[in-house]
Amino acid sequence: MAKVLVVTSGKGGVGKTTSTAALGAALAQMGQNVVVIDFDVGLRNLDLVMGAERRVVFDLINVVQGVAKLPQALIRDKRLENLWLLPASQTRDKDALTEEGIKSVIADLKTKFDWILCDSPAGIERGATLAMRYADEAIIVTNPEVSSVRDSDRIIGMLDSKTVRAERGERVEKHLLVTRYDAGRAARGEMLSIDDILEILATPLLGIVPESQDVLRASNVGCPVTLNAASSAPARAYTDAVRRLMGEAVEMTVPVQRKGLMDRLLRRRAA
Amino acid sequence: MMNVMRLFGGRAASAPVARERLQILLSHERGRTGAPDLLETLRSEILSVVSKHIDVDPDKVVVRMDRGKFVSMLEVDIEVPNGVQRSKMVAAT
């Protein structure tokens with residue numbers, strides 16, 4: 001049974017697109033058939049983070065408007081054959097995205113894929129509400145920072161009221177994904193801790209992705225971090241998160257960076 | 001020194017890759033102000049010419065693009081059934 005998952009946050013710049021790419025790739029690496037959809041009409045970026053920006057021909061709006069068929073608009077990942085991208089349109093015509101149109105695209109995708117990951121735009125406007133509209137589950141990406149936590153709370157409220165599931169009296173299963181986490185700073189009381197965030201948002205934790213240079217490096221080269229640096233701390237965090245999504249019981253830890261040769265040499269000399 | 005660092009770090013710098021990818025992407029996007037870009041125009045005109053002569057099944061058309069730094073590739077695969085119907089062409093004249 002296909003699952004529709006929205007990756008959302010309210011606030012911009014917290015890592016929705018990066019996380020969508022990493023989670024999508026991690027699911028595909030585990031053999032699942034995955035499509036990631038960019039809902040950020042006018043400001044698409046999932047194609048860039050996935051390294052498919054040169055190959056975009058059609059987009060979500062073309063499919064909704066009937067200009068292109070769904071299979072023509074889907075772009076297959078060059079590294080994982082069971083990972084696909086449906087890009088957003090670069091034009092500003094946001095009104096072209098209709099609820100009915102999205103409904104039929106998602107219904108169509110459900111027959112072909114195991115997982116449909118919807119990368120939400122920031123904000124609480126139309127694009128964000130459409131991205132979450134047909135979701136079965138939601139991943140709320142949060143940074144350990146006051147404005148991000150506040151906006152996540154707002155989005156959680158919307159997931160409980162504005163989705164089709166909520167309107168039917170059903171539940172959208174919600175998962176919290178904390179990104180850019182620095183355990184050291186949290187321990188020193190300089191950053192909200194995981195416990196603080198969980199207490200405030202009262203939403204089950206899916207994973208903790210540590211702040212890491214591997215994330216920037218992955219987007220620089222257009223390759224999801226779970227593929228580009230599979231053994232890095234953020235990649236392990238995303239992979240653990242995906243295993244939890246698939247129902248596995250995985251102990252919750254903050255993966256730490258394994259030090260390189262240079263770091264170890266320098267540290268030894270310093271000690 | 002940078003190379004020595006890379007040797008020990010075991011990784012090449014990724015920023016130059018990011019820079020090049022952005023340059024290629026933006027050079028295509030900036031030219032597009034309002035009007036559809038060349039590849040897009042070519043694609044739709046090729047399809048309209050072909051569909052004057054045969055009934056093109058949209059499901060049997062594969063369009064691929066690869067936007068490069070110096071040249072771009074447009075690949076249009078159109079499945080033409082044997083015993084092509086020419087009725088459309090007659091109707092058009």
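Which side chains meet in a salt bridge (a side-chain nitrogen of Lys or Arg within 4 Å of a carboxyl oxygen of Asp or Glu)? In this predicted model, the pair is A:Glu53 and B:Arg21, with an N to O distance of 3.1 Å. The rule finds 1 salt bridge across the interface of chain B and chain A. Local features need pLDDT of at least 70 and side-chain atom pairs count only at pLDDT 80 or more, whereas totals for chains, interfaces and linings use all residues. Residues are numbered from 1 along each chain as its sequence is written, chains are lettered from A in the order in which they are written, and side-chain values use heavy atoms, with hydrogens and water left out.

Between chain B and chain A, 8 residue pairs are in polar contact, both residues being at pLDDT 80 or more; such a contact is a pair of N or O atoms within 3.5 Å, and within protein one must be able to donate a hydrogen and the other to accept it, while residues adjacent in sequence count only if both atoms are side-chain atoms. On the side of chain B that touches chain A, α1 (2-9), α2 (15-30), α3 (38-53) and β1 (61-66) of chain B each supply at least two residues. The largest share, 8 residues, comes from α2(B). In total, 24 residues of chain B are in contact (heavy atoms within 4.5 Å) with 21 residues of chain A.

Turning to chain A, its open sheet has 8 strands in the order β3-β4-β2-β5-β1-β6-β7-β8, with mixed pairing (at least two DSSP bridges between two strands). Strands β3 (75-76) and β8 (205-210) of chain A stand at the edges with a single partner strand each, so one side of each lacks a neighbour in the sheet. Strand β1 (residues 3-8) of chain A pairs with β6 (residues 137-142) of chain A in the parallel sense over 4 bridges. A:Val6 has A:Ala138 as its bridge partner in β6(A).
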